[in-house]
Structure formats: structure tokens, C-alpha cells
Amino acid sequence: MVAQELLDILVCPETKQPVRQADEALLARLNAAIAQGKAESQDGRPVTQPVREGLVREDGLLLYPVRDDIPIMLIDEAIPLKGI
């Protein structure tokens, strides 16, 4: 889990909106979409690995995955959440 001190300073690199920890329900919906082949990263590559943790942009439109306790705050790696 990302430390609150880090969450307090992290923002979306694209819009500068704050991010928050993704809840279990969102992660379950996202992982179902991944399993069905319906999830892509912002740059159009299919997401094939389940997401165990992520940070959601304040507007709820993008999720930045967290891998090995490291938030991946790259615009191309973000996962659009529209329709998920």
C-alpha cells in the first residue's frame, strides 16, 4: 500500500489532479476487464497482468498501476477506466 505521505504529494502527470488509492471493487472490475481482454493502457497496449494496487486520478478516468510498491506515474502506462 502506498504511504499516505506519498499520496499527499503525488498528482497525475497529465492534469496535475490528486490521486487516491483504488478500492477493491474498482480493482475487481478492472481485473475482470483485463481477463476478458478489454483493458488497454493509455498508449493502446493491452493490459495482460492483473492489477493488485493502483492510484486513481481525482476525476476517476485513469488508474496508475502500482507495481512492487512503486506507483507507475507515466501517462502511457495509465489505464483508462471509462466503461470499467
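## Strand pairing and nonpolar cores

In this predicted model, strand β1 (residues 19-21) pairs with β2 in the antiparallel sense, over three bridges. Within that pairing, Q21 has L55 of β2 as its bridge partner. Strand β2 also pairs with strand β3 (residues 62-67), in the antiparallel sense and over three bridges. Here V56 has L63 of β3 as its bridge partner. The two pairings are set out below.

| Strands | Sense | Bridges | A bridge pair |
|---|---|---|---|
| β1 and β2 | antiparallel | three bridges | Q21 and L55 |
| β2 and β3 | antiparallel | three bridges | V56 and L63 |

Strands β2 and β3 form a hairpin, with four residues between them. G60 lies in the turn and has a positive phi of about 75°.

In a regular strand, side chains alternate between the two faces of the sheet. Strand β2 spans residues 54-57. G54 and V56 point one way from β2, while L55 and R57 point the other way. All four of these residues, G54, L55, V56 and R57, are buried.

The largest nonpolar core has 13 residues. L30, V51 and L63 are the residues with the most contacts inside this core. Helix α2 (residues 24-35) gives the most to the core, with five residues. L63, the bridge partner of V56 in β3, is also in contact with L30. Leaving aside neighbours within four places in sequence, the contacts of L30 are A39, V51, L63, I79 and I84. A second, separate core has 11 residues, including V2, L7, L62 and A78.

Conventions: Residues numbered from 1 in each chain as written. Predicted model: local features only at pLDDT ≥ 70, side-chain atom pairs only at ≥ 80, totals over all residues. Heavy atoms only, no water. Buried < 20%, exposed > 50% of the residue type's maximum accessible area, 1.4 Å probe, protein only. Helix = DSSP H or I, 4+ residues; strand = E, 2+ residues; numbered from the N terminus. Pairing = 2+ DSSP bridges. Core = buried A, V, L, I, M, F, W, Y, C linked by side-chain atoms within 4.5 Å. Contact = heavy atoms within 4.5 Å.
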